[in-house]
Amino acid sequence: MIHIIAFGEMLAEFMAERIDQRLDEPGSFRGPFPSGAPVIFADQAARQGARVKYIGHLGADAFGDAIHDRLVQAGVDVGCVKRELLPTGTAFVTYASDGSRSFVFNVTASASGRLGRDSIRDDVLQGCQYLHVMGSTLNNDGAIKAVDALLSQAEAFGVKVSFDPNVRVEMLQFEPMAAALRKVFERCHVFLPSETDLEFFYPGLSLEEAIAQCLQRDQLEWVALKLGNGGCRYIDRNQSLHAKPFPVTEVDPTGAGDCFGGTFMAAIAQGFEPQRALHLANAAGALAVTRLGPMEGNSTPDQLNAFLQEDLRNDRQIA
């Protein structure tokens, strides 16, 4: 049985070497790094022991080889990843002094842009436990048709939907994306937003008001809320749990939320209690930011346990 099926953009990422380096002028970049929000999620979920299958498109080039090999190494089933004559998608990112990031993406005109209804086998979700949807994927008409087909299958086969909105302002310039995000939100069982994501769905409401509105929907079972430097929370209709932030030195925040989600969903799919799933996911997100590269900080259970043991020892020394 497949625990989780993920799908979407598969990118080679290049990172500006200098803070405040502009993307409209020459500069030095490091890369390529395997990337794409759902790729990071799938890699981490598989490393945590979940059986994961991926649906997407890669170029028949060296960048595509790097991403393909990385997923295979993690244990992801790539039988539904198609190779194309188009180039592999790319992302260029630069960091500002205030911690913000700017991106230039090539998704639609790349192999990733081939994702569409024809990418989805009619029985691909049969026997699957969770379909994971990443909001950043819904940036073109083909991807929206693909998610519509997958949502129909999820309903037909009794598959639960987990949803990380991953709302990015630069992608909302594609006008159908906002409606697609709301459609997935209405169908999801597990919701993994950030505070910014909640503001998109519930503008003008406080954090607690937005969470209360989420849980008024019968289908939604729980919310796993990413709070950045504030740690994270798990909320359902019976309990609210909080996990404190870990004191780490941040090197690169890219992918931390995807790593959190991959760990949380892998734990839930394997039957872990919410408190344990939240604790592990929180640690995974913290570890992710300590390495340069969007998924170079992804972790195994042994690495997470070692990190948690070290944190516990530090707490005892302080006490």
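Biologist: In the largest nonpolar core, which residues touch the most other members?

Modeller: Happy to, and please keep in mind that this is a predicted model. The largest nonpolar core has 46 residues, and those touching the most other members are I55, L131, F163 and F191. Elements that give two or more residues to this core include β1 (4-7), β8 (130-134), β9 (160-164) and β11 (222-226) among the strands, and α4 (176-187), α5 (195-201) and α6 (207-214) among the helices. The most comes from α3, which gives eight residues. Let's stop at I55: with neighbours within four places in sequence left aside, I55 is in contact with I5, A6, F7, G8, C80, L115, S119, I120, V124 and L150. Apart from this core lies another one, of 41 residues, including A37, F41, A46 and V78. As background, nonpolar side chains tend to be buried together in soluble globular proteins.

A helix worth a visit next is α2. Its 13 residues, 62-74, should span 18 Å at 1.5 Å a residue, and the C-alpha atoms at its ends are 19 Å apart, which agrees. Buried in α2 are G64, I67, R70, L71 and A74. Viewed down the axis of α2, the buried residues fall within an arc of 130 degrees, so they line one face of the helix. On the other side of α2, you will find A62 and Q73 exposed. The buried residues of α2 pack against α1 (37-47) and the strands β2 (11-16), β3 (29-35), β4 (52-59) and β5 (77-84). Just after α2 comes G75, with a positive phi of about 100 degrees.

Conventions: Residues are numbered from 1 along each chain as its sequence is written. This is a predicted model: local features need pLDDT of at least 70, side-chain atom pairs count only at pLDDT 80 or more; totals for chains, interfaces and linings use all residues. Side-chain values use heavy atoms; hydrogens and water are left out. A nonpolar core is a set of buried Ala, Val, Leu, Ile, Met, Phe, Trp, Tyr and Cys residues joined through side-chain atoms within 4.5 Å. Buried means under 20% relative accessible area, exposed over 50%, partly exposed in between (1.4 Å probe, protein chains only). Helices (H or I, at least four residues) and strands (E, at least two) are DSSP runs, numbered from the N terminus. Contact means heavy atoms within 4.5 Å. The expected span of a helix is 1.5 Å times one less than its number of residues. The arc is that of the directions from the helix axis to the C-beta atoms.
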